[in-house]
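Please read the numbered points beside the structure.

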Amino acid sequence: MDGDTLPAGTITVWLGEIRRAIDGDGESDVPCGECTACCEASQFIHVGPDEVDALAHIPKALLFPAPGLPKGHRLMGYDEHGRCPMLVDGRCTIYAHRPRTCRTYDCRVFAAADVVDTDPSKSRIVARARRWRFDEPLQDDVVRHGAVRAAARFLEDNADALPLRVAPVTATQRAVLAVELHETFLDGDPTVADVVEALTALAGRAEA
Ligand code: SF4
């Protein structure tokens, strides 16, 4: 049933795993089951120039240069139904060779950050994200989960005060940044300057 809740794991354990995946040091291990919502949500998939295995398994005709990124970075689009062209009969045909973007995607970020994507094309991801429930057995779990939510609220409430170069544009970016930023919110209420400094450090790390 669509409305059943799903165990998302212990929040602090999951935070460690998702941050390692974001840093390129691991993969998301989402218990997707039969769900393919994110593969059918009109998403452009970034493929970096170093992703030799993925590039070897995606037909060249499906890839185009990624706007605003250096030469060699590519995007793969979606079909008229919003579906990834590598998804056939509900299965990823290049699963063992899938791009890093797919390996690190985890819809539990929306549940962790309490962020709802209002884009109608993401409605199935929203429905799935609503079902996740994190465990918080320790006080540290409660505090960290609160910090992730506080970070997401801050990014939304102060969107106009954040420089464009570091501000999240999409709901996904806001949820992911809330996870990455949450330690800035562990010890109280940071200022906009504190958050801009943390966002700038994160952007610098991503570009390095
Ligand atoms: S929406 Fe979530 S559960 Fe569904 S396939 Fe994507 S990552 Fe897995």
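1. C107 is buried, its relative accessible area being 9%, where buried means under 20% relative accessible area, exposed over 50% and partly exposed in between, with a 1.4 Å probe and protein chains only. C35, by contrast, is partly exposed, at a relative accessible area of 25%. Both C107 and C35 belong to the set of residues that surrounds the ligand. The model is a predicted one, in which local features need pLDDT of at least 70 and side-chain atom pairs count only at pLDDT 80 or more, while totals for chains, interfaces and linings use all residues. Residues are numbered from 1 along each chain as its sequence is written, and side-chain values use heavy atoms, with hydrogens and water left out.

2. On the cysteines, a disulfide is taken here as a pair of cysteine sulfur atoms within 2.5 Å, and the count by this rule is zero. As background, a disulfide is a covalent bond that joins the sulfur atoms of two cysteines.

3. Which residues surround the ligand? They are V30, C32, C35, T36, A37, C38, Y105, C107 and R128, where a residue qualifies if one of its heavy atoms lies within 4 Å of the molecule. This shell divides into seven nonpolar residues, one polar and one charged; in that scheme Ala, Val, Leu, Ile, Met, Phe, Trp, Tyr, Cys and Pro count as nonpolar, Asp, Glu, Lys and Arg as charged, and the others, Gly among them, as polar.

4. Y105, a member of the ligand shell, lies in the loop between α3 and α4; helices (H or I, at least four residues) and strands (E, at least two) are DSSP runs numbered from the N terminus. Y105 counts as buried, at 18% relative accessibility. Leaving aside neighbours within four places in sequence, Y105 is in contact (heavy atoms within 4.5 Å) with S28, V30, C38, Q43, F110 and I125. The C-alpha atom of Y105 is also 9.0 Å from that of I18, although 87 residues separate the two along the chain.

5. T36, also listed around the ligand, sits in the loop between α1 and β2 (45-47) and is buried, with a relative accessible area of 12%. When residues up to four places away in sequence are not counted, T36 touches L87, G90 and R124.

6. The loop between α1 and β2 also holds G26 and G33. G26 is partly exposed, with a relative accessible area of 41%, and touches R20, A21 and T104, residues up to four places away in sequence not being counted. G33 is exposed, its relative accessible area being 64%, and its C-alpha atom is 14 Å from that of R124, which is 91 residues away in sequence.

7. The buried residues of α1 are I11, W14, L15, I18 and A21. Seen down the helix axis, these buried residues fall within an arc of 130 degrees, so they line one face of α1, the arc being that of the directions from the axis to the C-beta atoms. Their cover includes β1 (6-10), α3 (100-104), α4 (108-113), β7 (132-135), α6 (139-157) and α7 (171-181). Just after α1, G24 takes a positive phi of about 80 degrees.

8. Helix α6 has 19 residues and reaches 27 Å from its first C-alpha to its last, close to the expected 27 Å; its buried residues include D141, R144 and H145. In α7, eight of the 11 residues are buried, so this helix is largely enclosed by the rest of the structure, and R174 and E180 are among those buried residues.

9. Finally, backbone angles. Most residues other than glycine have a negative phi. D89, in the loop between β5 (87-88) and β6 (91-92), has a positive phi near 50 degrees and counts as exposed at 77% relative accessibility. D114, in the loop between α4 and α5 (123-131), has a positive phi near 60 degrees and is likewise exposed, at 57%.

Notes
The expected span of a helix is 1.5 Å times one less than its number of residues.
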